[in-house]
Amino acid sequence: MIDDLPLFDKRIMICGMDAFHETKTNCQSVIGFVSTYNRSATKYWSKAVVQPEIGQEMCLSLKMLMSKALSQFR
């Protein structure tokens, strides 16, 4: 639980994402995304998205992921 950081007296969302690549076996890349949606950062929403190309680093689904995360935050 996070409760004493300076910004946590306001409404704040912490987001993170990472990409997984398995290019040796020609598998599509996967993006993992997570966001908090309460003041103590103990509740979160997460989603994994398969990317359309092998080894793709750029998250083409970022707009959709952020929109869904923000809808949880309200």
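1. Strand E1 (residues 15-20) and strand E2 (residues 30-36) run antiparallel, joined by six bridges. Two strands pair if DSSP finds at least two bridges between them. Strands (E, at least two residues) and helices (H or I, at least four) are DSSP runs, numbered from the N terminus. Methionine 17 has phenylalanine 33 in E2 as its bridge partner.

2. This is a predicted model: local features need pLDDT of at least 70, side-chain atom pairs count only at pLDDT 80 or more, and totals for chains, interfaces and linings use all residues. Residues are numbered from 1 along each chain as its sequence is written, and side-chain values use heavy atoms, with hydrogens and water left out.

3. pLDDT is the predictor's confidence in each residue, from 0 to 100. The protein averages 84, and 95% of the residues score at least 70.

4. Lysine 47 in E3 stands opposite phenylalanine 33. Valine 49 in E3 is the bridge partner of isoleucine 31.

5. The three strands form an open sheet in the order E1-E2-E3, with antiparallel pairing. E1 and E3 are the edge strands, each pairing on one side only.

6. Serine 35 lies in strand E2. Serine 35 counts as buried because its relative accessibility is 1%; buried means under 20% relative accessible area (1.4 Å probe, protein chains only). Leaving out residues up to four places away in sequence, serine 35 touches Met13, Ile14, Cys15, Lys43, Tyr44, Trp45 and Ala69. Contact means heavy atoms within 4.5 Å.

Notes:
Buried means under 20% relative accessible area, exposed over 50%, partly exposed in between (1.4 Å probe, protein chains only).
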